[in-house]
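Here is a short report on one protein chain. Keep the sequence and the 3D view open as you read.

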Amino acid sequence: MLKKLLYGFALLSAVVSCSDDNYDWGTTPQHNDQPEVVTFGNGSVSAVDVIDFAALADGQEYVKVCNIVAPTATDGAYDSPKYEIDLEGDDAVYPLNENGEMKAADLKKYVEDHFGKAPYVREIPAMVSLWISNGETIIKTASSEIFNVKAKLSAPEISEHYYIIGQPSKWEANCTDLPFEHSDKNVYDDPIFTVTFSTECVNNEGDIWFAVVDDKTVASNDWSLVLGAKEGNGNNLVGETGLIARRSEIGNDGSFKLHVGDAKMVKMTLNMMEGTYLIETINFENSLSYVGTAGGWNNNGGSSRIALVDAAKGLYTGYIYGKQESYGNTFRLFSPSQLGSWDASTGNSDVNTFNGSIAAGGSDNNFEFTDGDGVYYVEYCITEKTISATKITNMNLVGDFNGWNQADAAQQMTWNAEELCFVKEGAGVTANGWKFTANNDWGINLGGTTGNLVGNGDNLKATGSTIKLYPCRTTSDNIYCTVE
């Protein structure tokens, strides 16, 4: 008799499993009006109200996701019922107790992984299964029809945009002149906002006063919604993480104050998921020197240099000659005050984003050029923590003399690794105007004066047949050329 019952249970299990496999979960929309009560063998499962994580008690381990009326067993040899809940049919199966409760942490992680951290009501199609055992064999005796689990994560209100008001812009609650930067991600998945501004706005006492507004404040022009330091008016932290709050909560105006001293820039970072701010002062050196394989790793003087071209962002640009060795085409960047000290150098740990022909060097905090020997045009931004490199495959002379053809092979220059310069003999340049272009394109070009060449500079007028271009700033603060 037991053998027949076992066969019956196994058959029922097979039928249930087949039914589960054939259900097209992919056709279930995010908002799906499932019934409040569904069948569960000869029992039932009923939906519960929205599970609001903001209303959970501190340390609460389980949340109720459904009500269960258990199917009746038909064989006394099988007991120890165990329940599982399958969320949206993507193998997200979790243990469930007889009270319809699952671990809160499991549900929270599922919602975050599938929908993000935004505090919106999420409707999740779900199915409950019952498993029983006789001590040796475990079988599934029933699976419910589909119903919805509704959950809402706990998260603070985060705006799409934030702005600095005060001395760096205007003391107006609806001022949007100085916005924070943000990634293209959802603000609940990336709650970090950053802004950098100049200290040129200081008053006679050398202090900068400012505050923060969001979209809600701008729309209402309500000063009570302005964001400031929770520590109190002018009592904000500098160089340490502090708490940010609206003036309506702080009880006074709560503006930020910074005595800038010799700082050239101020960087502010908001983490709106944590409700924190970080204010940092930034000083930029005029240049950064290459120390790496092409110069024998001599950190006393460096070789190629990139120069500060945009103090508002801390952007350095320039040309670096890199040389491939058995361990890579590696290097670091040093400011003049850092030369001679390996610990103070700028390396890949100071950068979050690598673009083009540059990457983290794999060890010792080095950078690495990825396209072998040659000259690279480098852009490094301190405040945004980005670095990019474009290998210069050729450098051309272009101008009125050749119809401004930036891809004129007859006017290509030759790299001289000993002098760190590009050379062209028998050049055809004229006083009607000419420039340098890289990689047969106008994207990287140099003009201006022979003693100070800059990107997108004016046409050059000098004439001569031998031209040498010194792009690496090894013997001069400027990129320059000689024309003879």
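## The cavity

This is a predicted model. Start inside it. The largest cavity holds about 30 Å³ of space. A search of the whole structure turns up one cavity of 30 Å³ or more.

Which residues line this cavity? They are Leu420, Tyr470, Pro471, Cys472, Arg473, Thr474, Thr475, Ser476 and Tyr480. Sorted by class, the lining has five nonpolar residues, three polar ones and one charged one.

## The chain as a whole

Now step back. The protein chain has four helices and 36 strands. It contains 484 residues, and 46% of them are buried.

Contacts tell us about the fold. Take the contacts between residues at least 6 apart in sequence: 63% of them join residues at least 24 apart. The accessible surface of the chain is about 23,000 Å². Carbon and sulfur atoms account for 45% of that surface.

## The largest pocket

Next come the pockets. The largest pocket has a volume of about 710 Å³. Its lining is made of 29 residues. The closest to the pocket centre are Lys267, Ile382, Thr383, Glu384 and Lys385.

Three strands each supply at least two lining residues: S13 (192-198), S18 (265-271) and S19 (276-282). Strand S19 gives the most, with three residues. By class, the lining of the largest pocket splits into eight nonpolar, 13 polar and eight charged residues.

## The second largest pocket

The lining has eight nonpolar, eight polar and two charged residues.

## Aromatic rings

The whole structure contains 18 aromatic pairs. One of them is Tyr316 with Tyr380. Their ring centres are 6.4 Å apart, and their planes meet at 25 degrees. Planes under 30 degrees apart count as stacked, so this pair is stacked.

The pair links distant parts of the chain. Tyr316 sits in strand S22 and Tyr380 in strand S27 (residues 374-381), 64 residues apart. Are these two tyrosines buried or exposed? Both Tyr316 and Tyr380 are buried.

There is also an aromatic cluster. Its members are Tyr290, Phe331, Phe354, Phe367, Phe369 and Tyr376.

## Two loop asparagines

Finally, look at two backbone angles. Asn365 is not a glycine, yet its phi is positive, at about 65 degrees. It lies in the loop between strand S25 (358-360) and strand S26 (367-369). Buried residues have under 20% relative accessible area, and exposed ones over 50%. Asn365 has 24% relative accessibility, so it counts as partly exposed.

Asn440 also has a positive phi, near 55 degrees, and is a residue other than glycine. Where is Asn440 found? It is in the loop between strand S32 (434-438) and strand S33. With a relative accessible area of 30%, Asn440 is partly exposed.

Key: Residues are numbered from 1 along each chain as its sequence is written. This is a predicted model: local features need pLDDT of at least 70, side-chain atom pairs count only at pLDDT 80 or more; totals for chains, interfaces and linings use all residues. Side-chain values use heavy atoms; hydrogens and water are left out. Buried means under 20% relative accessible area, exposed over 50%, partly exposed in between (1.4 Å probe, protein chains only). Contact means heavy atoms within 4.5 Å. Accessible areas come from the Shrake-Rupley method with a 1.4 Å probe; for residues, only the protein chains shown count as cover. On a 1 Å grid over the protein atoms alone, a cavity is a set of points where a 1.4 Å probe fits but cannot get out, and a pocket is an open set with protein on both sides within 12 Å along at least five of seven lines; lining residues have an atom within 4 Å of a point. Grid points are joined across faces, edges and corners, and a volume is the space filled by probe spheres set on the points. Ala, Val, Leu, Ile, Met, Phe, Trp, Tyr, Cys and Pro count as nonpolar, Asp, Glu, Lys and Arg as charged, and the others, Gly among them, as polar. Rings of Phe, Tyr and Trp (its six-membered ring) pair if their centres lie within 6.5 Å; planes under 30 degrees apart count as stacked, over 60 as edge-to-face and the rest as tilted.
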